[in-house]
Amino acid sequence: EVDIVFANEAEAKALFETPDAEEAITALGRLARLAVVTRSAQGATVVEGEARVSVPAFPVPQLVDTTGAGDLFAAGFLHGYAKGFAHADSARLGALAAAEVIGHTGARPETDLKALARKNGLEI
């Protein structure tokens with residue numbers, strides 16, 4: 001029994017041994033109460049029961065280093081989730097945090113994420 005599971009699209013497809021992303025996301029949604037799947041440039045999908053919401057990725061001027069992107073996405077999502085935000089808003093926070101970290105070398109943000117969220121119309 002899993003409450004929340006995070007996976008990227010490749011991990012979800014590998015776990016369920018399918019080349020079909022939608023099939024893998026649906027299966028992951030059945031496995032956990034809340035499933036969050038990052039999809040690189042395609043954004044992220046959150047599944048809770050029969051409900052599904054997808055959010056786009058934030059634009060990144062230049063992809064430099066993906067180290068830490070999943071961790072930063074999870075941190076942003078969990079911040080919103082813990083504050084009671086809608087899943088879409090939590091996923092947007094995660095996507096914004098991930099976008100910040102992949103634009104430079106290293107796994108730590110170089111920008112004030114709170115200020116960046118406010119600049120992008122996201123409450124924190």
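Glu9 has a relative accessibility of 19%, so it counts as buried (buried means under 20% relative accessible area, exposed over 50%, partly exposed in between, with a 1.4 Å probe and protein chains only). Before going on, a note on the source: this is a predicted model, where local features need pLDDT of at least 70, side-chain atom pairs count only at pLDDT 80 or more, and totals for chains, interfaces and linings use all residues. Residues are numbered from 1 along each chain as its sequence is written, and side-chain values use heavy atoms, with hydrogens and water left out.

Now, the partner of Glu9. Its side chain meets that of Arg39 in a salt bridge, 2.7 Å from N to O (a salt bridge is a side-chain nitrogen of Lys or Arg within 4 Å of a carboxyl oxygen of Asp or Glu). Glu9 is in helix H1, residues 9-15, and Arg39 is in the loop between strand E2 (32-38) and strand E3 (44-48), so this pair links distant parts of the chain, 30 residues apart (helices, H or I, have at least four residues and strands, E, at least two; both are DSSP runs numbered from the N terminus).

Is Arg39 buried or exposed? It counts as buried, at 14% relative accessibility.

Arg39 also forms a salt bridge with Glu22, with the closest N and O atoms 3.1 Å apart. Glu22 sits in helix H2, residues 21-31, 17 residues from Arg39. Glu22 is partly exposed, at 38%.

These residues belong to a network of salt bridges that links Glu9, Lys13, Glu22, Arg39 and Arg52.

Next, Arg33 and Glu48: their side chains meet at 3.4 Å, N to O. Arg33 lies in strand E2 and Glu48 in strand E3, so the pair ties together parts 15 residues apart in sequence.

The count comes to six salt bridges.
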